[in-house]
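Biologist: I have a new fold to learn. Please walk me through the model.

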Amino acid sequence: MPQVVVCVNVYDLSEVNEYTRPLGFGIFHSGLVVHGREFSFGGHDYASSGIFETAPKAAPAPAIFREMVVVGTTEMNPGEVSNLVGDMDDDFHGNTYHLLERNCNHFVEALCFELTGKMPPGWINRLARTAVVANSCAPCILPVSIRAVADTPSVPPPPSAAQYTMKTGGGGIFGGSR
């Protein structure tokens, strides 16, 4: 099978990104694109898959397409990719979604790593990681609305989901390069 390009589509979720993106962070949604399909993850109240598929560059509102980042290549064919995403269903239930600790960007990191052995750029999820650390070290510096989100428990992901954190390294506070 020939090498197929794997990309991450990044979407703005806030107008503030115009000012923060040059500094290396922002409020972003992301989806992974391979074989002309875009996969992402979102929250709902049920113990069923939160993974969803859209046409590339067509994430649901309020997401506004910002840019496409080429991350690497994969040798997986479309059927193998579908099987991989299906295998990840049980580990990414909608009721395990958490805005800061288990969001669409975390899913994209896991899927990207499975397909390419590489991680998306760290700036995509840097703000969420920084907020988690700030909330645990010095919660008083975060706005009350962010503290409320950071302190809201989600349903814990199943134990099998730990494989994705272990493989990707969890990204650290600053989530990798750039």
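Modeller: In strand 3, Arg37 is the bridge partner of Val34. This is a predicted model, where local features need pLDDT of at least 70, side-chain atom pairs count only at pLDDT 80 or more, and totals for chains, interfaces and linings use all residues. Residues are numbered from 1 along each chain as its sequence is written, and side-chain values use heavy atoms, with hydrogens and water left out.

Biologist: In which sense do strand 2 and strand 3 pair?

Modeller: Strands are DSSP runs (E, at least two residues), numbered from the N terminus, and helices are runs of H or I with at least four. Two strands pair if DSSP finds at least two bridges between them. Strand 2 (residues 28–34) and strand 3 (residues 37–41) have 3 bridges, and the sense is antiparallel.

Biologist: Which strands stand at the edges, and why is one side of each left without a neighbour?

Modeller: The open sheet has 5 strands, in the order 4-3-2-1-5. Each edge strand has a single partner strand, so one side is left without a neighbour in the sheet. They are strand 4 (51–54) and strand 5 (64–74).

Biologist: What angle does helix 2 make with strand 3?

Modeller: Helix 2 (residues 78–88) touches strand 2, strand 3 and strand 4. Contact means heavy atoms within 4.5 Å. Axes are lines fitted to C-alpha atoms, for helices over the stretch in contact, and angles run from 0 to 180 degrees between N-to-C directions. For helix 2 and strand 3, the angle is about 10°.

Biologist: How much of the protein is buried?

Modeller: Buried means under 20% relative accessible area (1.4 Å probe, protein chains only). The protein has 178 residues, and the buried share is 43%.

Methods. Buried means under 20% relative accessible area, exposed over 50%, partly exposed in between (1.4 Å probe, protein chains only).
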